[in-house]
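Trainee: I would like to go through the labels used for this model and see what each one rests on. Please set the values against the cut-offs.

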Amino acid sequence: MTSKAFGIVATYLLLASPVPAATIDQILAERHRRENVTPTEECDDATFLRRLSLDLIGRVPTTDELETFLQDSNRRAAVDRLLGSREHATFWSQLWTSMLIGRGQQRGVEREVLRNWVEEQLLAKSPLNQIAFRLISAEGVTALDGPVNYIVASREDPVMRLSRTFLSVQLDCARCHNHPHDRWTNDDYLAMQRFYRPVRFREVSGGVAVDDAVVSDLTRPVFLTGRQPQTSAWRRELALMVVQSKPFSRAMVNRTWSWLMGRGMVDPVDGLSRENPATVPELLEALAADFRDDFQLEPLIRRICLSAAYQRQVPSGDSSQCEQQKRFFAARSARPMMPEQWIASLAIVLDRPGPDAEQLAQQSRQLLGISPQATPAADPYLWTETSQTLVRQLSGPIRAPLRNLESLYLATLARKPTAQEHQMLDGYSSQETLFALIHSNEFILND
């Protein structure tokens with residue numbers, strides 16, 4: 001879509017003033033007061049940098065990065081530095097690609113071509129509505145045109161993929177019947193499917209070619225809002241309807257929030273419905289209204305990372321009070337590292353060259369212990385390691401660089417060992433100590 005066309009689109013969008021980090025915390029503070037929830041304290045500087053590095057560049061910080069940061073503890077500068085790095089674009093392109101088409105290798109789909117395209121879009125700071133428009137309306141050949149791979153990977157049920165990814169709506173039940181408690185009916189699903197009726201897939205030397213045939217069917221498709229296309233370019237109009245809709249901005253904000261905060265305001269992130277509303281709807285609406293101003297991802301990420309909500313400690317214990325703290329973002333929700341984070345972090349700790357993006361995707365599939373084809377598109381943080389793979393990883397050999405106990409702790413856990421840990425680990429080799437550290441909950445959890 002041309003910049004002029006997007007300028008025209010913008011006149012129909014609700015514009016709002018920016019929502020600074022302070023406003024995020026003001027909205028949450030009011031909700032905490034109403035729910036009688038007491039927030040946890042701010043995390044320490046080392047924990048913050050470890051958390052930020054895992055979330056923004058997909059690995060733990062090096063000891064040099066940690067020591068440099070601790071000299072001035074400028075959290076805003078750290079956020080800006082990581083957001084401006086190539087590592088950030090590379091890691092988040094992995095997140096987006098896994099969410100769009102999964103971690104696996106599908107016939108006719110060039111995953112790395114799509115991931116490279118997403119990375120370049122992030123580096124160029126392309127607005128997210130433009131990225132989504134190009135993905136939904138893509139034409140071309142899979143080996144050359146990154147967005148086309150999303151269409152090819154989605155061809156079995158493109159409506160399901162689109163609604164979950166870009167609108168946070170599940171149409172699973174509507175494929176077969178009308179659910180008694182769901183807003184969307186089977187007629188809604190079938191009417192959306194008609195947007196894809198003109199799409200043609202052809203095997204060519206460069207993979208799979210995608211284009212749209214001339215529409216001759218007089219039965220027009222219908223978007224979930226009731227809108228119909230006004231031209232014969234049905235899929236382009238669908239893309240425009242999606243990025244113009246308020247559910248699109250809500251879905252993009254909520255997914256970003258979930259990736260950074262450990263859980264979404266709508267949880268699961270693709271399950272917004274009357275029966276599953278946002279836990280803090282006023283915050284979701286405020287951030288979504290601001291996001292519609294320019295659809296820029298980087299300011300949204302910066303705003304969240306600089307908020308007090310992002311920088312809170314993980315609650316101790318597992319009581320109902322702790323759950324309330326996490327539900328209303330009065331505390332950090334810890335979660336296990338993704339395979340990509342675990343692999344990249346091990347390379348840092350073991351002082352080895354890290355894998356490139358394509359190797360990382362392959363190693364992540366191996367770590368998951370499943371076939372490459374058995375990795376459908378889903379939230380990249382939702383994964384389960386098989387017991388066989390876990391045993392294989394636990395039994396693998398570890399060769400630690402020559403380091404003392406303090407440096408091993410800083411490299412793995414971003415903290416120094418306690419006096420008790422010094423005493424407990426006295427007499428163990430660096431290899432034995434490192435083996436224990438990288439398989440500990442503290443290392444594996446992104447808290």
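Trainee: Why does Arg-302 count as partly exposed?

Mentor: The model is a predicted one. Arg-302 has a relative accessibility of 21%. Buried means under 20% and exposed means over 50%, so Arg-302 at 21% counts as partly exposed.

Trainee: What makes Glu-298 and Arg-302 a salt bridge?

Mentor: The closest N and O atoms of Glu-298 and Arg-302 are 3.1 Å apart. The rule asks for a side-chain nitrogen of Lys or Arg within 4 Å of a carboxyl oxygen of Asp or Glu, so the pair qualifies. Both residues lie in helix α15 (residues 297-305), four residues apart, about one turn of the helix. By this rule the count comes to 29 salt bridges.

Trainee: Which helix holds both Glu-30 and Arg-33, and how is each classed, buried, partly exposed or exposed?

Mentor: Helix α2 (residues 21-35) holds both, three residues apart, about one turn of the helix. Arg-33 is at 57%, which is over 50%, so Arg-33 counts as exposed.

Trainee: What is the N to O distance in the salt bridge of Arg-86 and Glu-119, and where in the chain do the two residues lie?

Mentor: The distance is 2.7 Å. The pair links distant parts of the chain, with Arg-86 in helix α6 (residues 86-101) and Glu-119 in helix α7 (residues 111-123), 33 residues apart. Glu-119 has 4% relative accessibility, under the 20% limit, and therefore counts as buried. Arg-86, at 46%, is partly exposed. Arg-86 and Glu-119 also belong to a network of salt bridges with Glu-112, Arg-115 and Glu-120.

Trainee: Why is α17 called roughly perpendicular to α18?

Mentor: Helix α17 (residues 339-349) and helix α18 (residues 357-368) pack at an angle of about 110°, with their axes 9 Å apart. Angles of 65 to 115 degrees count as roughly perpendicular, so α17 is roughly perpendicular to α18. The crossing of α17 past α18 is right-handed.

Trainee: Which residues make the contact between α17 and α18?

Mentor: From α17 they are Pro-339, Glu-340, Trp-342, Ile-343 and Ala-344, and from α18 Leu-360, Gln-363, Ser-364, Leu-367 and Leu-368. Seven of the contact residues are nonpolar, two are polar and one is charged.

Methods
Residues numbered from 1 in each chain as written. Predicted model: local features only at pLDDT ≥ 70, side-chain atom pairs only at ≥ 80, totals over all residues. Heavy atoms only, no water. Axes fitted to C-alpha atoms, helices over the stretch in contact; angles between N-to-C directions. Parallel < 35°, antiparallel > 145°, perpendicular 65-115°, else oblique. Left-handed = near helix turned anticlockwise from the far one by under 90°. Contact = heavy atoms within 4.5 Å. Nonpolar A, V, L, I, M, F, W, Y, C, P; charged D, E, K, R; others polar. Buried < 20%, exposed > 50% of the residue type's maximum accessible area, 1.4 Å probe, protein only.
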